[in-house]
Amino acid sequence: MKIVIVASLTKSLINFRGSLLEAIVESGDHEVIACAPEDDQKTIGELRKIGVAFRRMPMARASTNPFADLHTLARLSLLFRKERPDIVLAYTQKPIIYGGMAARLSPRARFFAMQSGLGFAFSEENTNRRLQRLVSFLYRIGVAKAETVFVFNSDDEAEMRVHKILGPRHSVVQVPGSGVDIGQFSEQPFPERPTFLLVARLMRDKGLYEFVEAARRVRAANPSARFQILGPFDANPASIAAADLDRWREEGVIEYLGVTDDVRPFLADSTVFVLPSFHREGLPRSILEAMATGRPIITTQTPGCRETVVEGENGFLVQARDAGALAEAMIKFMQDPLLAARMGAASRGLAETKFDVDIVNDRVLRTIGLRGDAACRSNAPRQASDPVRRALDVVGSVAGLVVGLPLGVFIAAVIVLTLGRPVFFVQKRAGRHRKTFNLVKFRTMTDARSDDGGLLGDEQRLASFGRFLRRSRLDELPELWNILVGEMAFVGPRPLLSHSLPNQGSRGEERLSIRPGLTGWAQVNGNTLLDDGQKLNLDLWYVKNRSLGLDLVILLKTAGVILIGERLSKTAQVRE
């Protein structure tokens, strides 16, 4: 299998995604190619060591020049046409937008987007709403065909839905950031002198001005405290002025530590890690590294940052842009010499149980289909019958919709007269590779409620006409539309809620490796007479043995079930 990773910063391929790339390489016989703009020989050498090829890809990360972006899109399209990747994984803004567009032009590529933070366009610093609308529009195109969008926090998912970047059909998986290597970042003893460290790009919305003002206030009463800033200037509209940094250093309020490729010694020399950001973070890697080192955290209530702190246990959350509140949190560590050690131990515990990079990588690889039972499906060649099956589904659904239109109108009219509106029952279900979609059926139940206002049980609300629709399977007639648009097939495992038991774990991933069906092997071998485990075994047997001939058998058996009712089959060939 050929897998392409698209990034906007070459060094991030090792610094932020190195362990993920290594896990991808080790997951099977894959050819892995990384794309990024800078010709960084050190990073390219490190990629080569773990078995990842590199292709330089022009990309102006902070530019708004449309011609430069069109050049990026053209180059990515040419690369995908040449390499014919099976999977494309892109992270950060421009790789997601233009990688997603290029993947749409590559028919075999499955596209996955990793949203590590929405960035400047969606921050408070940006007052240009036209820019925000433009970026939202481009994002919308980029992720339109994404099988899964990974997010680092729920706020980013909500924001993307507000701006209609994500629609109801998008499958979204939240992971705890990039994760942190708890072996590489080991717990360290504390220095003798209390030291507050901020590690970030030198941007206003990282809270640098608030950090400096808080440092002034704390040092006024505690001159022994040290305040350090580590990080590079950034080609970003929110970057701080170099003159301000020089003035702070001359004042003696902070120490500027410059730039480093290895933050570990600086974390070891710190007492408390501080990130007073009001930037739209994904989930700051710098905080995770500090937590793994055993450092307490002071950060803000902003999206991404607040996910890292259990208030009062491993640190403190303060309001963004509030230098006074930031100073008060710092003073607590000055007043209680044992507080840092206690909270630092809690940070390390969270790093081990929640933010370990192995936990993150496992979730990503299982979602993509490179680990667990789903890996067998992903690594196997695509069945030759798939295009034929899809063509038959399209022809069959069109014919069914045309022929069934008068009957559908009649059913809708009866529902309005007997049950009232709405006519349709719509519910989100898990589709292929967990991509959610809106399943549409004819409504069969009333809204009858008990005296306390709660809905009555399903059997009590099932109307007589609704019972007939279910018995005859006519309530599922609108699902022909789901088949036509590619969300379902005529034959496959029935679509269930994402959180249902058969959809969980590696066996659930395998079950979701094909389109769900209008009918399936479990439905013709007992359906409601089976428990969840039996249905799952039957579904998995179908996934492993499906063929056009088997599909025809299932369709014929479905007609029999409609005519004579459900019966528990003793001849079902169930294999785990």
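This is a predicted model: local features need pLDDT of at least 70, side-chain atom pairs count only at pLDDT 80 or more; totals for chains, interfaces and linings use all residues.
**Entry 1: cavities**

Residues are numbered from 1 along each chain as its sequence is written, and side-chain values use heavy atoms, with hydrogens and water left out.

The search of the whole structure gave two cavities of 30 Å³ or more. Among the residues lining the largest cavity I listed Phe-16, Arg-17, Leu-20 and Met-114, a lining residue being one with an atom within 4 Å of a point. Helix 14 (residues 357–368) gives the most to this lining, with three residues; helices here are DSSP runs of H or I with at least four residues, and strands are runs of E with at least two, numbered from the N terminus. I sorted the lining of the largest cavity into five nonpolar, three polar and one charged residues, with Ala, Val, Leu, Ile, Met, Phe, Trp, Tyr, Cys and Pro as nonpolar, Asp, Glu, Lys and Arg as charged, and the others, Gly among them, as polar.

For the second largest cavity I noted about 40 Å³ of space, with a lining that includes Pro-493, Arg-494, Pro-495 and Leu-496 and divides into seven nonpolar, no polar and three charged residues.

**Entry 2: a helix pair**

I then turned to helix 21 (residues 532–545) and helix 22 (residues 548–564), which pack at about 140° with their axes 9 Å apart, the axes being lines fitted to C-alpha atoms over the stretch in contact and the angles running from 0 to 180 degrees between N-to-C directions. I recorded helix 21 as oblique to helix 22, since angles under 35 degrees count as roughly parallel, over 145 as roughly antiparallel, 65 to 115 as roughly perpendicular and the rest as oblique. Trp-541, Tyr-542 and Asn-545 of helix 21 meet Leu-550, Asp-551 and Ile-554 of helix 22, contact meaning heavy atoms within 4.5 Å.

**Entry 3: the sheet**

I traced six strands in an open, parallel sheet, in the order 10-9-8-11-12-13, where two strands pair if DSSP finds at least two bridges between them.

Technical notes. On a 1 Å grid over the protein atoms alone, a cavity is a set of points where a 1.4 Å probe fits but cannot get out, and a pocket is an open set with protein on both sides within 12 Å along at least five of seven lines; lining residues have an atom within 4 Å of a point. Grid points are joined across faces, edges and corners, and a volume is the space filled by probe spheres set on the points.
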